[in-house]
Amino acid sequence: MCGNFNMDDGETLEFFNPFINYEIVNNKPLLDSYPTYIDDNYIGYIQSGGIIKRKANDYVLLLPVVFGAHKHRAIYYATSTNLESWTFHKRKILDTNSIEFAKKDGNIFSTNNPFLFEENKYLVLLGVECPDGNYTAAYMIIDSDLNIIQKPTKIRIPQLEGNLNSYYPLSIINHDGVYRFLIYDNNRNYNTHKIYEVTTLDILKNFNEGINNQSLQCIIDSETSSGYLKGKMDDASYITYNSELYIIIGSEEYPSEYLTSLNREYGLIHLDKTKWAHDNRSPLIINPMTLHHKFPELEWAADHLGGFISPIFKDNYLYLFLTMGSDNPDYLLSGIKLKLE
């Protein structure tokens, strides 16, 4: 039975009001020198794909780079010492040409933050375009130098597999000794969206042998949700704060085929003992399409908000790396930071 996180009609509480409570890092796109070409291939846009803190003042942000009009996507990265000034590196980490179950020259992207599960071993969640155009869930393992030490491996999810199904992983965490894993499923129907959660004590066994259907639970369903969760909630990330577990969820108020938003918003649900509960402060982060009317210099950030949000805490701020943009030009890699109480 899917979760049902309804909001009262007219509920629009903005706990993090965009004009007051969050800052856009440097009030501009994240990269000082924003790349437009790699090896003569035109870059359509750059997404966030998960952040790694290797040590103090040493951060890596994985970056799925879209070439052309969504024809091909590969994973690159940027580095920073302070989360605010970033350097893009034209070293490719992964593309689909090296993955046996992927569409050649297709799309590959990472989601959420790589999970450190052993010393110098990071598990990276991947969405992989298949030859039939559907997406499937996979993972790989990299080291701190971003070398692949276990090649991309498909995560078998029998309940979601089939000719019409398209799904990919969103986030992974170990909380109180239990692994939790989020999966996005749109079933190739842009008006129906679900987020599933898997809980297990042995995540690699589940990934490699197949997710047990009994451990797979639908926690949000757009058909039974209202408010900002009735659209395409295709972005979600676990975070822990004050020892409590939350999921940040990005969605639209109205279903759409495209990422361009009709007031795209982010909210929270929190783990209440064994069940997920709606946080009634949601939606928390709103980026209205009219943002540039009040701040003309932010016209580049006036529409889209999201694209595999990558969260990290530093100096009493929550940093969220994501994309902003209006589709003209395409989305721009950005960061926002929210002051914590």
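Let me begin with Ile 24, whose bridge partner in β23 is Ile 336. The model under discussion is a predicted one. The pair belongs to an antiparallel arrangement in which strand β1, residues 22–24, meets β23 over three bridges.

Ile 336 also brings in another strand, for Leu 320 stands opposite this residue of β23. The strand concerned is β22, residues 317–325, which runs antiparallel to β23 and is joined to it by eight bridges.

How many of the eight residues of strand β23 are buried? Seven are, so this strand, spanning residues 332–339, is largely enclosed by the rest of the structure.

Is Lys 314 buried or exposed? Its relative accessible area is 18%, and because the cut-off for buried is under 20%, Lys 314 counts as buried. With regard to polar partners, the side chain of Lys 314 makes a polar contact with the side chain of Asp 315, at 2.8 Å. Which residues does Lys 314 touch once its neighbours within four places in sequence are left aside? They are Tyr 59, Asn 82, Leu 83 and Tyr 319.

My next topic is an open sheet. Four strands make up this sheet, in the order β8-β9-β10-β11, and their pairing is antiparallel. At the edges lie β8, residues 108–118, and β11, residues 148–154, each of which pairs on one side only. On average, and with direction ignored, neighbouring strands of the sheet are turned by 20 degrees against each other. Within the sheet, β8 and strand β9, residues 121–129, run antiparallel and are joined by seven bridges. One example at the residue level is Phe 115, whose bridge partner in β9 is Leu 123.

Let me close with the protein as a whole. There are two helices and 23 strands. Of the 341 residues, 58% are buried.

Note on methods:
Residues are numbered from 1 along each chain as its sequence is written. This is a predicted model: local features need pLDDT of at least 70, side-chain atom pairs count only at pLDDT 80 or more; totals for chains, interfaces and linings use all residues. Side-chain values use heavy atoms; hydrogens and water are left out. Two strands pair if DSSP finds at least two bridges between them. Axes are lines fitted to C-alpha atoms, for helices over the stretch in contact, and angles run from 0 to 180 degrees between N-to-C directions. Buried means under 20% relative accessible area, exposed over 50%, partly exposed in between (1.4 Å probe, protein chains only). A polar contact is a pair of N or O atoms within 3.5 Å; within protein, one must be able to donate a hydrogen and the other to accept it, and residues adjacent in sequence count only if both atoms are side-chain atoms. Contact means heavy atoms within 4.5 Å.
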